[in-house]
Amino acid sequence: MPIVADWVGRAEWLAALVILLTALALRRSFWTALTAAVKAALGCLILWWVAAGPLTSALAALDSASRQALGLELVLPVNELAMLPLLRDLGAATLGIFFLAGALMLLLVRFLPRAYLFLSGHHSLFMAALLAGALAALGLRGLALVLAGGLILALLQAFSPFLAQPLVRRLTGETAVGLAHFSLFSYLCAATVARLFPRPSAAPAEPPERAGGITVLLQEPLAATAALSALLFVFLAAFDRAPGWLSAALYQGLLLGLSLALAAYGARLLLGEWIPLLQTAAERFAPRAIPALDVPALFPYMAGLLLPGFLASFAAGLLVMAVQAAAGLPVIVPSVVPHYFTGAAAAGFGAAWGGRKGALAAAFTNGLIIAALAVPLHLLQPAGFATTFSDADFQLVGILLGLIRLALTR
């Protein structure tokens with residue numbers, strides 16, 4: 001497969017150079033720094049290869065099958081998949097935004113009176129890709145694109161955990177950890193709805209959830225996405241029943257799962273080298289910063305709510321999907337991964353205010369929001385993507401920047 005010239009000598013070398021220089025500045029040994037730089041460069045190349053190869057093939061097959069079988073445009077809301085086409089076209093800009101935002105965040109957390117260090121590197125990378133695409137559509141290029149995107153992302157990373165802290169404190173009773181997850185908008189709306197339900201004065205303690213039944217599958221995002229994709233392709237192919245339709249449909253579904261698995265591995269190679277360096281730098285430059293972690297860090301405080309939260313959020317996604325199909329809009333197929341993680345978190349925050357009923361109402365509200373906002377975001381994205389971002393903050397930022405673009409072009 002030919003290598004796109006925009007990537008050779010730019011994105012992967014940018015990642016390697018930043019990692020190498022940062023590691024050396026933090027007094028890592030040269031060989032340790034070089035190893036980290038090579039792994040980061042390999043991670044970038046894996047991400048590009050997935051975007052240019054298996055993902056493009058699988059999404060094209062999904063778009064063709066859905067239009068032929070149902071006359072509808074089906075869209076998969078999965079952050080990892082939505083990021084890849086943007087990385088393919090704007091790889092260097094995305095990484096420039098990502099690294100610059102990390103440096104600017106350190107400056108912010110050093111001087112803010114109550115600062116949080118955003119450590120969900122994958123969410124930062126997703127947002128960097130979205131910002132690169134949205135700002136490029138606004139006409140920004142080169143250094144201006146990177147500076148604008150880096151500043152926006154740094155502000156989001158610095159202030160999102162601060163705004164989420166009332167939710168975390170209500171849930172955990174602690175202030176020693178923050179939440180680094182770009183779905184704050186849906187969590188705040190979900191908690192607001194949960195306040196409508198009176199919380200029982202003494203709710204019985206619930207036992208921790210066991211990994212049994214469908215929960216086993218839900219806790220494995222790669223397997224869950226591959227299984228759902230395979231079922232979706234089989235459903236669409238059943239309308240035509242061409243020779244070999246079943247095996248071909250299963251292959252395409254698993255190809256999407258493979259794209260997600262490879263993307264996750266590539267991102268892990270990159271982020272696995274950058275996040276520890278960021279933590280080390282923060283310990284020296286901003287030692288008062290409170291670590292803000294991904295949402296699964298709060299799951300121990302949500303015992304008994306993970307599966308109900310997922311089911312309530314997923315049910316809302318199905319309801320919105322039916323409305324979208326009836327209205328002739330792009331149909332957002334509920335994805336297991338976002339509804340499991342954000343639905344469970346929304347249920348936990350809802351229970352903190354409204355007990356069991358508040359938890360279910362909050363999770364359902366979360367599902368309505370992420371399913372509904374995905375349509376305008378998809379319509380404002382560049383044409384040809386059969387996937388979009390799944391969490392509310394990505395959607396809100398993308399919609400706002402898309403509306404600015406439309407206003408400026410009128």
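Analyst: A residue is called buried under 20% relative accessible area, exposed over 50%, and partly exposed in between, with a 1.4 Å probe and protein chains only as cover. By that rule L306, G309, F310, A312, S313, F314, A316, G317, V320 and Q324 are buried in α11. This is a predicted model, in which local features need pLDDT of at least 70 and side-chain atom pairs count only at pLDDT 80 or more, while totals for chains, interfaces and linings use all residues. Residues are numbered from 1 along each chain as its sequence is written, and side-chain values use heavy atoms, with hydrogens and water left out.

User: How do you know that the span of helix α11 agrees with its number of residues?

Analyst: Helices here are DSSP runs of H or I with at least four residues, strands are runs of E with at least two, and both are numbered from the N terminus. The expected span is 1.5 Å times one less than the number of residues. For the 22 residues of α11 (306-327) this gives 32 Å, and the end C-alpha atoms are 32 Å apart, so the two agree. After α11 comes G328, with a positive phi near 75 degrees.

User: Why is T365 called buried?

Analyst: T365 has a relative accessible area of 15%, and therefore counts as buried. This residue of helix α12 (336-380) is in contact (heavy atoms within 4.5 Å) with C189, A190 and V193, leaving aside neighbours within four places in sequence.

User: Why is F30 called partly exposed?

Analyst: F30, which lies in helix α2, has a relative accessibility of 42%, so the label is partly exposed.

User: What makes the pair of F299 and Y340 edge-to-face?

Analyst: Rings of Phe, Tyr and Trp (its six-membered ring) pair if their centres lie within 6.5 Å, and planes under 30 degrees apart count as stacked, over 60 as edge-to-face and the rest as tilted. The centres of F299 and Y340 are 6.3 Å apart and their planes stand at 80 degrees, so this pair is edge-to-face. The pair joins distant parts of the chain, with F299 in the loop between β4 (290-293) and α11 and Y340 in helix α12, 41 residues apart.

User: Why are F299 and Y340 called buried?

Analyst: F299 has a relative accessible area of 12%, so it is buried; Y340, at 2%, is therefore buried.
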